[in-house]
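Here is a short tour of two ligand sites and one chain interface. Have the structure open beside you as you read.

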Amino acid sequence: MSSDPTPLKPGNPKPWNDPRVRSVAFQLIAIAAVAWIGYSLFQNTISNMESRGIRTGFGFLNETAGFGIIMSLIDYNETMTYARTFLVGLTNTLLVSGLGILFATIVGFIVGIARLSTNWLVAKLALAYIEIFRNVPLLLQIFFWYFAVLGTLPGPRQALDVGGVAFLSNRGIIIPRPVFEAGAGWIGIALIIALIASAVMVTWARRRQAATGRIFPAFPLASALILGLPALAYFVMGRPVGWDIPAMGGFNFSGGITAIPELGALLLALTIYTATFIAEIVRSGIVSVSSGQTEAALALGLPPRRVLRLVVIPQALRVIIPPLTSQYLNLTKNSSLAVAIGYPDLVNVFMGTSLNQTGQAVEIVAMTMAVYLAISLSISLLMNIYNRAVALKER
Amino acid sequence: ATLQDVQDAGELRCGVSNGLPGFSQPDSSGNWAGIDVDTCRAVAAAVLGDADAVEFIPLTAAERFTALQSGEIDVLSRNTTWTTTRDASLGLNFTGTNYYDGQGFLIKTALGVDSAYDLDGAAVCTQAGTTTELNLADFFRANDMEYEAVVFDTSEASAQGFDNNRCDVLTSDTSQLAALKTQLTDPDSAEILPEIISKEPLGPVVRQGDDEWFNVVKWVLFGQINAEEYGITSENVEEMESSDNPSVQRIVGTSGNMGEILGLDDDFMVDVISQVGNYGEMFERNVGPDTPLGLNRGNNALWTDGGILYAPPFR
Amino acid sequence: MVPHQPLPNQPPPVTQRGVIRWLRANLFSSWINGLVTLVVGYYLLSTLIPLIDWAFIGAVFTGDGVDACRPGKACWIFVEERFGFFMYGFYPEALRWRPTLAFVLFALAVVPPFLPLPARLRRGVAIFGLTGLPVGGYILIAGGVFGLESVDTSQWGGLMLTLILAYVGIIAALPIGVALALGRRSEMPVIRGICVIFIEFWRAVPLITILFMASVMLPLFLPDGVTFDKLLRALIGITLFQAAYMAEVVRGGLQAIPKGQYEAAEALGLGYWRRMRLIILPQALKIVVPGIANTVISLFKDTTLVLIIGLFDLLGAVKSTLSDPAWNNVMAEGYLFVAFCFWVFCFGMSRYSHRVEKQLDTDHRQ
Amino acid sequence: MENNGTGFEAETLTTPVESAASDESIIQVNDLNKWFGDFHVLNSINLDVQKGERIVICGPSGSGKSTLIRCLNHLEAHQRGQIIIDGVELNEDVKNIEAIRREVGMVFQQFNLFPHLSVLENCLLAPIWVRKTPRREAIEMAMHYLERVRIPEQADKYPGQLSGGQQQRVAIARALCMQPKIMLFDEPTSALDPEMIKEVLDVMVELASSGMTMLCVTHEMGFAKTVADRVIFMDDGQIVEAAPPRDFFTRPEQPRTREFLEQILQH
Amino acid sequence: MENNGTGFEAETLTTPVESAASDESIIQVNDLNKWFGDFHVLNSINLDVQKGERIVICGPSGSGKSTLIRCLNHLEAHQRGQIIIDGVELNEDVKNIEAIRREVGMVFQQFNLFPHLSVLENCLLAPIWVRKTPRREAIEMAMHYLERVRIPEQADKYPGQLSGGQQQRVAIARALCMQPKIMLFDEPTSALDPEMIKEVLDVMVELASSGMTMLCVTHEMGFAKTVADRVIFMDDGQIVEAAPPRDFFTRPEQPRTREFLEQILQH
Ligand SMILES: Nc1ncnc2c1ncn2[C@@H]1O[C@H](COP(=O)(O)OP(=O)(O)OP(=O)(O)O)[C@@H](O)[C@H]1O
Ligand SMILES: Nc1ncnc2c1ncn2[C@@H]1O[C@H](COP(=O)(O)OP(=O)(O)OP(=O)(O)O)[C@@H](O)[C@H]1O
Ligand SMILES: [Mg+2]
Ligand SMILES: [Mg+2]
């Protein structure tokens with residue numbers, strides 16, 4: 001822009017005083033340092049493993065594991081491979097985390113809301129619950145539930161009997177297992193029909209409300225449909241589902257579905273511990289919606305439950321969800337404490353037994369950490385997407 | 001080399017079980033006792049001249065091999081079974097057997113079961129990462145029986161699980177079963193089934209590739225067994241130094257250069273025997289009939305007494 | 001014109017007064033609330049009364065051994081008898097005055113925010129708590145110099161070990177965390193990248209996998225022959241883990257400092273490090289006191305995981321004695337005792353942090 | 001009941017708007033008493049409002065103005081006395097409360113728009129969920145009222161993107177969308193910057209001239225003079241004086257009122 | 001260079017303060033260009049400031065006034081052109097930047113005091129850490145400047161306890177404690193309430209009369225008339241007009257300047 005043919009440039013600084021030069025140099029040094037550390041760790045590990053004759057590589061995954069696992073969601077027996085034990089551990093971890101997240105969320109929301117109850121007793125009780133369980137180590141709580149509480153349940157022969165079909169003992173909770181006979185397929189079909197019908201009904205109800213303003217009780221009807229239609233099919237088809245009712249035989253109950261006490265103790269501890277944090281998050285989320293919002297909604301004539309659904313909850317969720325997900329992450333990581341009471345999660349089965357049988361610590365620990373890393377990174381990714389989606393628009 | 005490292009450090013780092021009566025167990029002031037512990041102490045006596053120069057590092061079964069591989073410990077003496085896989089693929093060497101064991105079952109008398117072949121459908125408590133876990137699977141599969149493996153990370157926890165009725169049967173090496181039985185709330189409520197389902201030679205382990213150290217650990221144990229064979233005890237070892245039995249002389253170092261060729265002092269066995277004792281003393285003190293475990297020598301008797309304890313000659 | 005006669009204020013109707021009002025407002029504001037109060041109250045009493053009876057009224061506090069205990073009631077003799085072990089682990093009994101002294105010093109360093117002392121003295125004590133105390137405490141507890149008998153770390157245990165792990169963990173994690181936080185906000189992409197990866201990695205994996213690595217695998221990564229103490233390794237694992245969390249907390253504080261503060265400091269001619277040390281960090285750290293307190297509390301609770309790698313912290317010490325056949329079924333007492341100890345410390349810390357927060361608040365807005 | 005923008009503009013602020021009050025009473029308050037704990041906030045309030053009447057309530061801070069207004073749609077419960085609105089008695093009966101809230105719109109000092117909903121959605125909420133109006137109709141009506149408060153072009157923005165004055169006008173539109181018979185205003189302009197006060201007052205004056213029954217707590221005396229049929233002065237939880245603005249401002253009967261007026265007009 | 005409070009008071013705001021400008025140039029800006037991304041904020045700025053000269057910069061919002069000021073102590077880097085301050089060229093050279101910042105004090109619109117340090121400590125920071133003055137001396141000097149801005153009694157308070165005007169005066173004292181040769185002010189009074197503006201301007205006038213070289217972005221035209229040796233008008237990143245206040249206010253050469261002055265003097 002200047003008419004001067006040779007534009008004035010700010011003079012060049014002495015290289016050692018130039019922040020850009022310094023910054024590049026500094027970063028190069030940092031890269032070099034990290035690379036050197038990484039390289040020497042790698043080199044040490046390789047040479048240590050070599051000199052100690054430790055096997056390396058992932059070939060072990062195809063070898064037979066040879067040990068039993070008490071609980072697995074996928075088909076497993078001791079003739080299967082280590083790769084399979086990895087999957088068993090992983091699914092068990094996901095199971096306990098998933099259930100833990102579900103229960104902790106339910107309990108946390110209830111306690112968080114109870115904390116705001118107008119009933120003094122309920123509010124103080126919720127506070128006491130939070131202050132007690134939040135301040136005691138999780139591991140201790142796991143031991144407590146496992147050894148001091150579930151451990152004192154009666155043995156299978158003296159099991160507590162729930163209606164003659166389900167049993168509670170120190171071997172866990174055993175419930176009947178459905179056995180599908182010919183015609184049972186119709187129940188499934190009925191369920192699918194009910195689901196489709198519900199979806200159609202909800203859409204229709206929404207359309208009709210938009211068109212005529214009338215509000216249709218779609219939710220209760222849909223629930224009735226989803227429960228009712230399969231039940232109808234069940235009776236019409238002549239009750240094609242049998243129940244494998246657990247029976248005492250030999251040492252323990254046979255048949256039925258068993259939830260082992262390790263799972264129970266772990267779930268109890270994870271739920272009760274994490275719920276204290278969730279409760280506080282929920283409370284502060286709800287409190288963050290100012291009373292003016294509720295008043296304005298009430299003044300518009302909205303009945304209290306609609307105020308909650310249309311005004312309070314949508315706003316509270318924005319505040320609640322980010323810290324909530326980090327609690328979910330914590331819960332997932334904490335589920336690794338399963339190893340202390342022998343629940344066969346990933347750390348226990350894979351980083352414990354499998355590692356011990358194969359001795360390939362580096363590979364196995366790396367795989368285990370990678371699993372947790374992957375879980376954690378995918379959750380943060382989802383979180384970022386969510387945050388972007390719900391960010392309030394400001395000036 | 002490990003021997004050099006240990007001598008430089010002035011201390012032997014020895015991996016032991018974190019609580020198994022008779023084998024390795026700390027008392028409330030942190031003093032460790034047991035046959036595995038004594039094995040470590042013997043090595044320390046031989047190498048450093050001081051049986052107390054040991055740092056005991058309690059390990060769970062799952063941690064033990066990694067700890068040894070990584071160099072965290074110098075020797076692993078933790079009722080570890082000698083198997084092909086472990087010897088060959090873990091990069092470890094078993095130096096011998098300090099206890100010949102076999103896997104058995106401990107069961108509540110109230111259940112009225114008297115044979116391991118009647119255990120179909122039982123819940124079995126066991127310890128993670130052991131051969132026990134594998135033998136158990138083999139046994140039940142071979143006999144076409146179902147079982148439920150309740151796996152704990154320490155033997156103490158598995159005993160507690162058994163005590164709490166979490167499982168019907170506790171499986172482990174019979175010596176351990178005897179030890180664990182003493183820890184039950186009511187030790188008389190359980191009994192050990194007669195069947196032994198596996199061979200479990202237990203012994204110290206070292207890293208592969210360090211033959212010098214391998215030899216030292218191996219020959220300390222052999223030395224203790226030989227000492228028993230020749231009647232050398234902690235009481236009489238001083239007198240034995242003037243013995244004219246050449247076999248005895250070689251053990252106490254008054255003739256030959258056994259110590260030197262191993263890289264130790266020639267009288268290293270004197271330190272071992274005077275401070276720890278011979279194999280028999282070690283056995284009696286920790287697991288023998290006069291201890292809470294009350295085990296007989298059985299297989300662990302010398303070959304001369306009808307057992308299978310047979311150490312190569314000190315020559 | 002009718003002059004307005006101010007009506008006298010009247011007392012509220014009976015339902016709006018005193019205890020009745022409180023009860024009505026807080027317990028019986030509607031029939032549903034009343035019902036809830038009755039049901040909850042009933043269950044609360046019916047669980048609390050037996051519990052109190054078990055733990056206090058019927059419990060046995062003194063006596064000799066297991067025989068003095070009463071069935072169905074708590075037997076606190078067990079805790080009493082093992083108290084020394086629970087507090088100090090295998091630490092030689094004759095030398096236990098040393099850790100005790102160290103913790104008294106520690107307590108003294110912690111108290112000042114509660115006292116009306118001059119700021120300078122308070123700051124002095126705080127600096128001592130962060131520098132002199134760890135060194136002095138280490139010398140006292142470990143010994144080996146000044147004629148103090150050396151006590152190996154393998155003999156450390158009990159509550160003492162728990163406190164050491166937490167204290168050292170936090171003291172060491174804070175500076176690393178600060179450095180990582182600064183690094184994550186650096187303008188140099190390489191530095192930022194390294195810090196992000198470091199932080200995210202440590203935050204994503206469970207602590208026990210880290211402790212496992214530290215306790216048994218570390219020597220595999222180091223040159224042959226380089227080893228160090230097991231406790232130290234656990235501490236390194238805990239510290240790095242904690243530092244990553246600390247970094248995120250501190251970063252929050254750094255983000256809250258207005259840009260003007262950076263610019264004003266720059267305009268005064270202060271260089272990067274001085275700017276950080278004198279202006280930015282003091283403000284940022286003050287903002288994040290509650291966040292730091294939360295990480296400290298969670299670290300304190302997490303120290304129990306060292307049990308899994310075979311260190312006898314408070315929980316480990318108690319748990320290891322529970323299988324003692326001499327004591328029948330003292331599990332509940334043992335665990336409750338540990339729970340109580342942890343609870344007291346954690347709850348105390350959260351109160352303490354509130355206190356410090358107030359103390360540091362110099363904004364004194366009008 | 002409705003009546004579109006009559007071209008009324010702010011310049012007319014000083015010319016009184018003609019009264020639309022009829023003889024029909026729409027709000028009756030008899031001996032209303034309320035306590036906060038031991039504190040007697042409302043002390044024997046008696047008030048009768050005619051359909052179409054515009055009432056301005058003023059008084060020193062803490063005198064109970066907001067509380068009175070908030071009692072009228074049961075945002076606060078009263079402990080003694082009677083409130084009858086459009087023939088329905090206000091008590092703890094949920095059905096009555098709902099019926100009354102449907103007829104009474106309210107505008108707050110802090111706007112209290114729902115930040116997660118767009119301006120239009122803010123206005124649709126009550127018609128759709130309370131009045132059960134079909135969506136299309138509700139949108140038409142919402143746009144109508146947004147035009148009336150002169151911000152139809154902002155319909156798709158979010159409250160956070162608007163200025164304070166615009167937000168308050170949306171709040172008014174939102175209340176109007178319920179087609180209430182009565183509008184309550186609690187200091188609608190006191191959280192606003194001076195330039196914005198005028199734009200909100202303009203909208204309110206226009207509303208007043210359309211014949212809406214209005215109760216407005218405000219210290220904007222110009223507004224009171226222009227539109228009020230009666231000005232009520234409250235002090236210490238009591239109605240001290242109630243009079244048409246002419247009388248109220250020129251010859252207040254009570255010394256307490258005079259004192260207050262002096263203070264407030266000084267500014 | 002210094003000169004204690006001469007009893008100068010705000011009343012004199014309209015009587016011009018005598019110029020202290022010498023012939024020696026202390027700031028030279030040659031063909032300064034700066035871009036924010038693609039946006040050309042400063043376009044070929046040329047400026048020569050004499051030692052002791054007092055310059056007021058004005059112009060519409062976004063015209064680049066702050067950016068120009070901030071370039072002078074390298075809070076912003078420039079991309080083309082040359083800035084020479086007290087003989088040192090301002091470029092990326094860290095040593096040069098340090099040297100220049102030592103000679104240039106700056107006062108911000110938002111005060112930017114350090115809230116965790118007391119007033120005194122705020123003033124001690126730079127002398128102790130940058131100039132390496134012994135603490136005792138630094139305190140003496142700080143108290144001297146605090147007296148000069150007329151708040152020595154607040155030395156031990158924290159910024160949060162002071163009013164805006166007091167805070168801005170502390171900020172001035174803080175900058176002076178470095179004993180800079182040049183002071184830059186970026187709208188020092190625009191975040192203040194009217195009563196406080198005067199107390200800050202008083203201090204600045206006093207400072208001007210002491211012979212300090214000053215560059216001040218402000219819209220306080222009274223101040224400009226009183227103290228400025230030159231008023232610079234910027235628009236769109238360029239210097240449109242630069243003239244002594246007499247000429248600037250009475251017969252601006254550029255139409256753009258006239259327009260701006262009309263706008264600003266209207267208020
Ligand atoms: N929820 C409450 N609990 C206790 N006291 C309250 C509550 N709400 C209001 N008060 C008290 O009741 C009195 C009247 O309050 P109100 O808000 O009605 O006054 P106001 O006349 O609207 O005052 P302002 O002009 O400041 O808005 C005040 O003294 C106030 O402190
Ligand atoms: N960091 C930045 N990045 C991008 N653009 C910027 C930045 N800082 C300022 N700008 C833009 O540069 C232009 C000039 O900004 P500057 O702050 O110098 O204006 P000003 O004259 O001081 O205005 P005001 O009177 O509002 O303070 C503006 O358009 C502004 O938006
Ligand atoms: Mg009010
Ligand atoms: Mg600016």
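## Ligand sites and an interface

An oxygen atom of ligand 1 sits 3.0 Å from a polar backbone atom of Gly64(D). Please keep in mind that the model is predicted.

A polar side-chain atom of Ser61(D) is 2.5 Å from an oxygen atom of the ligand, and an N or O atom in the side chain of Lys65(D) is 2.8 Å from an oxygen atom of ligand 1. On its own, ligand 1 exposes 640 Å², and the protein buries 58% of that.

Looking around ligand 1, you will find Phe36(D), Phe39(D), Val41(D) and Pro60(D) among the surrounding residues, as well as Glu187(D). By class, this shell has four nonpolar, six polar and two charged residues. Strand 2 (39-50) and helix 1 (65-72) of chain D each supply at least two of its residues, and the largest share, three residues, comes from helix 1 of chain D.

| Residue | Part of the residue | Distance to an oxygen atom of ligand 2 |
|---|---|---|
| Ser61(E) | polar side-chain atom | 2.6 Å |
| Ser63(E) | polar backbone atom | 3.2 Å |
| Lys65(E) | N or O atom in the side chain | 2.7 Å |

Taken alone, ligand 2 exposes 640 Å², of which the protein buries 59%.

Let us turn to chains A and C. How many residues of chain A are in contact with chain C? There are 50, and they meet 52 residues of chain C. Together the two chains bury about 4400 Å², with 74% of it on carbon and sulfur atoms. Helix 1 (19-51), helix 7 (261-288), helix 9 (304-334) and helix 11 (361-390) of chain A are among the elements that give two or more residues to the side of chain A that touches chain C. Helix 1 of chain A provides the largest share of that side, 11 residues. By class, the side of chain A that touches chain C divides into 34 nonpolar, 12 polar and four charged residues.

As for specific pairs, the count of salt bridges between chain A and chain C is zero, while 11 residue pairs are in polar contact across this interface.

Key
Residues numbered from 1 in each chain as written. Chains lettered and ligands numbered in written order. Predicted model: local features only at pLDDT ≥ 70, side-chain atom pairs only at ≥ 80, totals over all residues. Heavy atoms only, no water. Contact = heavy atoms within 4.5 Å. Buried area = accessible area lost by both parts, 1.4 Å probe. Salt bridge = Lys/Arg side-chain N within 4 Å of Asp/Glu carboxyl O. Polar contact = N/O pair within 3.5 Å; in protein donor to acceptor, adjacent residues only side chain to side chain. Helix = DSSP H or I, 4+ residues; strand = E, 2+ residues; numbered from the N terminus. Nonpolar A, V, L, I, M, F, W, Y, C, P; charged D, E, K, R; others polar. Areas by Shrake-Rupley, 256 points an atom, 1.4 Å probe, with all protein chains shown as cover. Near = heavy atom within 4 Å.
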